Amino acid sequence: MAHKSAFIAIVGSPNVGKSTLINHIVGAKVAIVSVKPQTTRNKIVGVVTGDEFQMVFLDTPGVHEPKNKLGEYMVKTAMDSARDVEAVLFMVDSKYGLGERDKGILERLVKGDVPIVGAVNKIDLVAKEASMALVAQMKEQGLAHVYPISAKTGEGVMALMTVLKDYLVDGPRYYPDDEYTDQPERAIAAEMIREKALNRLREEVPHGVGVTIEKVHHRTDKDIVEVGATIICERTSHKGMIIGKGGKMLRHIGMDARVDLEMLFGCQVFLKLFVKVADNWRDSRRVMKELGYE
Ligand SMILES: Nc1nc2c(ncn2[C@@H]2O[C@H](COP(=O)(O)OP(=O)(O)OP(=O)(O)O)[C@@H](O)[C@H]2O)c(=O)[nH]1
Ligand SMILES: [Mg+2]
């Protein structure tokens, strides 16, 4: 039997649960998740490898109305990911239903000529009738396959995976058997720190946060990795909030991040965090490039 593979892009509005789903499917944390919209900023690969097949899932930034160059980059990344794939998984949030933004995204996807499978997510939060009504509404939009799921509990995900396997075509293994993402260790480390900053910070501050990794040093005398990272923010006032009273906020972000980093590196981590202001960097191509958004 010939080996089969498929690329599947997960696309939808911000916060609908795309990253939660890719993590669930892959069985590892490849993408960061937060309660705040516009968490994911880049295309993220999550790989599922079976005996005779490989499915390459692409998590993408939530499609929104961009207010700066970073937003434009994110939307372009998402829409570009939906091309040259075997299928697009279009996801909506059952708590919010099919809004105007979702309909707009779907309209753009339909023009792309790639098969679209619908997913109604977060069914654990609504009554069954409500999620079924949304499934019916999605079908009225022309989608033949729409599945109610909970990316959080895993309900319905098996059925969804079964239909997604129909999109496998003869093709190679794009990634080695034991690889489940394409992100280098440093990129994962930076995202882990950004996730903790997103969780801790309020209002507009977290949206203007970027993280660069300055140093990853495996010590030779002890099983310790030293990590140096800089949190970039947009304004001096934000810097104050990120550091917090007596450095408390930064300490909390660091403690949260260290737990994840120790899992990533498999040993004790010494983490040193710095905070830097880059005025309105979300409109600066130079800083965006530095942060890996290019
Ligand atoms: N109850 C419930 N919460 C969910 C489910 N899926 C995701 N969430 C929550 O919804 C929020 C957003 O999840 P993400 O996975 O970050 O959403 P996203 O679509 O990747 O968001 P962006 O990257 O901003 O586009 C998080 O708080 C998740 O824990 C679900 O099935 N049920
Ligand atoms: Mg995401």
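Me: In what order do the three strands of the open sheet with mixed pairing stand?

Reply: The model is predicted: local features need pLDDT of at least 70 and side-chain atom pairs count only at pLDDT 80 or more, whereas totals for chains, interfaces and linings use all residues. Residues are numbered from 1 along each chain as its sequence is written, while chains are lettered from A and ligands numbered from 1 in the order in which they are written. Helices (H or I, at least four residues) and strands (E, at least two) are DSSP runs numbered from the N terminus, and two strands pair if DSSP finds at least two bridges between them. Three strands make up this open sheet of mixed pairing, and their order is β8-β9-β10.

Me: Why is one side of β8 and of β10 left without a neighbour in the sheet, and what is the average twist from one strand to the next?

Reply: β8 (210–218) and β10 (268–277) stand at the edges with a single partner strand each, so each has one side without a neighbour in the sheet. Angles run from 0 to 180 degrees between N-to-C directions, the axes being lines fitted to C-alpha atoms, for helices over the stretch in contact. From one strand to the next, the twist averages 20°.

Me: Which residue of β9 is the bridge partner of His217?

Reply: β8 and strand β9 (residues 224–233) form a hairpin with five residues between them, and their antiparallel pairing extends over eight bridges. Within this pairing Gly210 stands opposite Ile232 in β9, while the β9 bridge partner of His217 is Glu226.

Me: At about what angle to β10 does helix α7 run?

Reply: Contact here requires the C-beta atoms of two residues, placed from the backbone, to lie within 7 Å. Helix α8 (residues 248–265) packs on the sheet and touches β9 and β10, its direction making about 135° with that of β10. Helix α7 (residues 236–243) also lies across β9 and β10, and its angle to β10 is about 155°.

Me: How many residues of strand β3 are buried, and which residue of β3 stands opposite Val45?

Reply: A residue is buried if 20 or more other C-beta atoms, placed from the backbone, lie within 10 Å of its own, exposed if 12 or fewer do, and partly exposed in between; by this count strand β3 (residues 53–59) is mostly covered, with six of its seven residues buried. Strand β1 (residues 4–12) runs parallel to β3 and is joined to it by seven bridges, with Phe7 as the bridge partner of Val56. Strand β2 (residues 44–49) runs antiparallel to β3 with six bridges, and a hairpin joins β2 to β3 through three residues. In β3, the residue opposite Val45 is Leu58.

Me: How many residues of the shell around ligand 1 are charged?

Reply: A residue belongs to the surroundings of the ligand if its C-beta atom, placed from the backbone, lies within 6 Å of it; there are 23 such residues, the closest being Gly17, Ser19, Thr40, Gly62 and Lys152. Helix α1 (residues 18–26) gives the most to this shell, with three residues. Ala, Val, Leu, Ile, Met, Phe, Trp, Tyr, Cys and Pro count as nonpolar, Asp, Glu, Lys and Arg as charged, and the others, Gly among them, as polar. The shell divides into eight nonpolar and 11 polar residues, and the number that are charged is four.

Me: What distance separates the centres of domain 1 and domain 2?

Reply: The protein is divided into domain 1 (4–170) and domain 2 (185–290), with bounds that come from an automatic or database domain assignment. Their contact takes nine residues from domain 1 and 12 residues from domain 2, and the residues on the domain 1 side divide into three nonpolar, four polar and two charged. Taken over C-alpha atoms, the separation of the two centres is 28 Å.

Me: Is Asp113 buried or exposed?

Reply: Most residues other than glycine have a negative phi. Asp113, in the loop between α3 and β5 (116–121), has a positive phi near 65°. Because 8 other C-beta atoms lie within 10 Å, Asp113 counts as exposed.
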